[in-house]
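User: I have a structure open and want to talk through one interface. Can you take my questions one by one?

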Amino acid sequence: MAALAVGLPVLVALMGLAMAGGGLDPAALKQAHVQRVIVFSTVQAFLSTVIALVVGAALALALARRAAFPGRATLIALLSTATVLPGIVVVFSIVALYGRSGFVTGTARALGFEWGSWLYGLPGILIAHAFQNIPFAARLYLHALERTPPEHHRLAAGLGMTPFAIFRHLDWPRLKAETAGLAALIFLLCFISFAVVLALGGGPNRATLEVAIYDALRGEADFARAATLALLQVAIGLGLTLILAWRTAPIAEEAGSRYALLRADRSALPLRLWDIAVLIITALFIAPPILSLLSGAFFITTLVTPDMIRALMTSLALATGTAFVATLIAYAMARGAIAGRRVLYGGLAYATLAMPPFAMVAGLYFALRPLANVMALGIPLIIFINALMALPFAYRLIETPLAIAHQRHGRLAQSLGMTGRDRLRFVEWPLLRRPLFTAAALAAALSLGDFGVIAFFGGSDFVTLPLMLYQQLGAYRMDEASATALLLALLVFVFALGALKETGHAHS
Amino acid sequence: MVKLFNHVILRTAWPFTRSRTMLMRFVLTAALAIGIAAPVAAQDKPALTVYTYSSFTGKYGPGQAIKQAFEAQCDCTLNYMAMDDAGSLFARLKLEGESTKADVVLGLDANLAAEANATGLFAPHGVDPKTLSLPLAWTDPTLVPFDWGYLAFIYDETKLKNPPKSLKELVETANGPKIVVQDPRTSAPGLGFMLWMASVYGDKAPDAWKQLRPRIVTFTKGWSEAYGLFLKGEADMVLSYTTSPAYHIAVEKKNQYKAAPFAEGHYVHIELAGVTKVTKQKELANRFIAFMLSDAFQSKMPEGNFMYPARTPAAGLPASYADLIKPSKAILMPPAEVRDRRRALVDAWLDATAR
Amino acid sequence: MLTVESVLVTYPGFNGLYDFTLPRGTLAAVIGPSGGGKTTLFNALGGFETLTSGRMTFDGVDFTTSPPAARPTAMLFQDHNLFPHLTAIENVALGIDPGLRLDAAQWRDADHALTQTGLGGMAGRLPAALSGGQRQRVALARALVRNRPILLLDEPFGALDPGLRKEMIALVDALRRERDFTVLMSLHTPEDALGLADRMLFIADGRVQLNETPERVLHSGASELRRFLGR
């Protein structure tokens with residue numbers, strides 16, 4: 001059922017595109033440029049993934065070991081903001097720091113270092129992707145580390161384990177169990193990254209397949225070509241997940257615990273220094289581009305107009321709807337995964353991400369044209385497609401805890417004849433509360449930051465915040481745009497912080 | 001129609017629904033129900049549907065003022081359907097084909113004209129081209145210009161003292177200014193610049209691209225990214241329009257942004273509108289086209305769209321346009337040639353700029 | 001001799017004040033209502049609790065402020081005593097060296113400990129492939145190789161069925177006689193300790209209310225105890 005809700009639209013959209021184009025266009029795949037782009041995308045996505053996973057893990061460990069410093073929740077929420085900012089805002093934030101006239105470059109120049117132009121190309125892409133993905137990786141890893149049974153840390157303390165042994169025997173198995181799914185997601189995100197790669201890549205070879213699909217679809221309305229390239233991208237997304245899903249085994253969990261989680265290695269001095277260094281360095285890397293958005297504060301008064309307030313309300317309504325639908329579908333799919341179709345659902349969640357939203361709308365429109373005017377669906381369609389885009393994140397967050405809840409109490413629930421709402425309430429809720437809230441907040445934030453998939457083909461006369469941002473930029477209103485970007489970032493930040501506080505994450 | 005869709009989906013895709021999925025079913029049904037309720041607006045007045053792009057109808061575009069002005073004189077309702085940009089507008093038209101709801105399409109550009117005509121969707125406009133104030137002849141029988149502009153490189157004269165005086169100088173000066181341009185695959189000015197290079201350099205365009213390549217900071221997805229990067233100081237010049245300085249003069253009261261005149265002439269970007277063949281409001285649609293070329297509409301172009309009016313209004317151009325450069329020559333690749341060569345030119349550009 | 005002198009642990013809404021002694025080699029059953037302070041006592045002894053005041057010594061050596069690993073104690077929990085990705089023998093071996101750097105003789109010691117707890121031949125199994133009772137035997141084997149004179153068992157067999165529970169307590173009893181361990185073991189069902197434990201500590205309201213032989217505790221007329229036992 002959930003598989004149909006998710007898989008069917010992708011399939012129908014692909015078929016629709018192919019129908020509109022009168023078939024597929026295999027020649028598109030043989031083009032030298034397309035092949036170069038695939039090679040480059042693979043390389044940059046691989047490097048971006050490795051950086052995000054390694055730094056994300058270090059950050060998660062530091063946050064797990066330093067569980068109670070002041071401002072911890074604020075820091076986590078601030079970093080999380082990076083994951084969901086619109087691409088164009090990410091580009092401008094990175095440039096504000098590392099660009100030719102950026103803060104870092106300017107400071108270096110003042111100190112007598114002339115770096116020349118180094119940002120555009122692979123470095124710029126990697127920096128932007130690290131900026132976007134490290135916080136998400138850290139969030140997911142942190143959740144995993146905090147699921148360690150508290151007894152293990154007491155045993156480790158009792159046995160006198162060194163910090164390295166604790167890492168090896170307590171943390172590493174948990175990080176490893178998360179890594180495959182997370183790596184697939186981040187790889188795919190970087191593989192399809194569009195505005196960021198194009199703007200910071202410096203040249204058309206530093207592009208992604210998504211650019212070629214976009215070009216085929218609207219540059220020349222060559223639907224056969226678009227369908228072929230989209231099919232290739234979906235196939236890559238699916239293939240990747242299948243390989244990784246095949247390589248992962250979920251961690252075997254035992255029952256819950258009566259103790260509070262106190263890490264055995266929290267007071268080792270060298271580790272404390274290391275963690276402080278990790279926290280400071282990652283914060284110095286990720287926070288300043290976000291804080292650079294504060295420059296928009298000077299123009300925040302320009303936002304107090306009826307249009308802006310309407311855009312804000314529309315965005316919030318869309319975000320709420322998206323959060324609800326995405327979480328619901330992710331939950332339904334995670335339930336399906338428990339029932340033994342883990343690979344299928346994992347693959348589906350990612351296949352939707354690999355399907356470019358604009359190709360999705362176009363394909364659905366054409367395929368369903370005899371039945372209904374898809375574009376006239378307006379808000380529900382936007383919510384559904386935004387939810388599909390947020391699905392892999394939500395699914396990643398929900399799948400593992402749900403599986404654990406069922407390992408712990410699944411049989412008990414079965415024996416008691418618990419189903420549906422009761423099972424959710426008594427069996428799953430305690431473990432799922434935090435991931436569900438995080439997933440909802442993330443989906444909401446993603447949909448806030450999305451520039452409106454539907455805008456691509458129109459069909460709506462309402463304006464969201466990101467759309468407003470684009471219109472401002474398109475109309476030279478850089479100052480007002482900076483204020484809008486700040487407002488967006490603030491909203492996303494508040495969502496993230498809200499989810500943290502709501503679930504007591506900040507204090508655990 | 002939507003109701004039908006609702007039923008079909010629920011009947012065909014949902015037969016396995018069990019109680020645990022009731023909630024989801026409810027949500028989807030509710031979502032579809034909103035879809036039914038939303039777009040219906042019962043009115044006796046005739047309605048004209050205009051497909052356009054979102055920056056035209058948006059807060060900063062001229063769209064809303066134009067809607068009011070037209071509705072005041074037509075006793076009708078003007079409804080915009082706004083797409084992302086000209087490319088999306090065209091893609092949607094091509095997808096919809098004969099079943100399009102558009103009466104008027106406003107916002108295609110000259111580079112798409114031949115492909116748009118090839119769809120056979122547009123009816124002849126009957127406007128006498130001689131009455132237009134374009135820098136070159138426009139003879140397309142179905143698509144009529146409503147505004148236009150010259151592409152140009154913009155620079156900040158307080159930072160760049162000696163801007164290149166020709167495209168050749170820009171391309172061939174090894175230590176010349178750094179520029180940021182748009183990707184021809186994703187952006188209209190980007191495509192225009194590629195055609196500009198092809199028009200000036202002919203077969204030698206790939207070599208020219210190779211020569212220019214080291215000084216191109218980056219190719220962005222759209223105009224906004226490129227212009228933003230330029231204003232943030234990432235490049236000395238940015239590809240935009242000769243009219244860009246008018247914004248800085250009119251709104252920001254800043255005079256330091258200039259367009260660099262190029263000796264070879266400047267590529268022209270022409271924005272077009274047309275009436276669809278399938279419209280049931282033919283008379284109204286034609287009245288809109290006439291309105292579009294009237295002063296009421298045209299006077300909104302210079303400081304609403306920051307483009308030149310297709311027919312200069314009686315009051316002339318605003319003061320902010322007084323000091324804009326006036327290119328010696330206008331360049332435009334004929335639309336049919338763009339249609340035939342676009343793919344090959346893009347591929348050649350890709351190969352030339354690949355590092 | 002284990003001496004717990006005026007050990008005070010305070011939380012908002014709870015304070016535990018413990019004062020008792022146990023002779024070396026004693027098997028003491030700890031009973032009492034949940035929330036009454038049993039686990040707090042175990043945590044204090046194991047080094048997982050910050051004391052407000054008080055002193056703890058064993059055979060005259062003060063371990064009040066020692067880190068958990070440097071104490072004369074080894075602790076067993078009801079669950080999660082084993083690391084799921086390590087085999088039974090590796091879990092035991094952690095008790096010899098927490099970095100798993102063992103020589104051949106030490107690996108033999110670990111294997112011997114498994115045999116002592118009745119798990120000969122199961123060395124290579126992962127915890128997931130062991131029954132609940134077998135997992136606790138692995139944990140006991142680790143406590144044996146740790147060779148600490150005080151064993152703290154916090155409801156270690158609560159999840160096992162009654163027959164197995166008695167069997168495990170008998171195993172603990174046999175091991176402490178052989179090794180002269182002092183054992184504190186909290187229990188859900190006080191009757192399990194009859195005939196094996198030397199002492200029974202009844203803890204309620206954060207205090208050790210009774211510290212007697214099991215028979216005398218179970219037959220004392222203290223009202224809190226009667227309420228706890230449901231009599």
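User: How much area do chain A and chain C bury between them?
Analyst: About 2,300 Å², with 60% of it on carbon and sulfur atoms. Buried area is the accessible area (1.4 Å probe) that two parts lose on being put together, summed over both. This is a predicted model, where local features need pLDDT of at least 70, side-chain atom pairs count only at pLDDT 80 or more, and totals for chains, interfaces and linings use all residues. Side-chain values use heavy atoms, without hydrogens and water, residues are numbered from 1 along each chain as its sequence is written, and chains are lettered from A in the order in which they are written.

User: Which helices of chain A supply at least two residues each to that side?
Analyst: α8 (150–159) and α9 (163–192) of chain A do; helices here are DSSP runs (H or I, at least four residues), numbered from the N terminus. The largest share, seven residues, comes from α8(A).

User: And how many residues are in contact?
Analyst: 22 of chain A with 26 of chain C, contact being heavy atoms within 4.5 Å.

User: New topic: what does chain C average in pLDDT?
Analyst: 89, and 100% of its residues score at least 70. pLDDT is the predictor's confidence in each residue, from 0 to 100.

User: What does the model score for ipTM and pTM?
Analyst: ipTM is 0.80 and pTM is 0.82.
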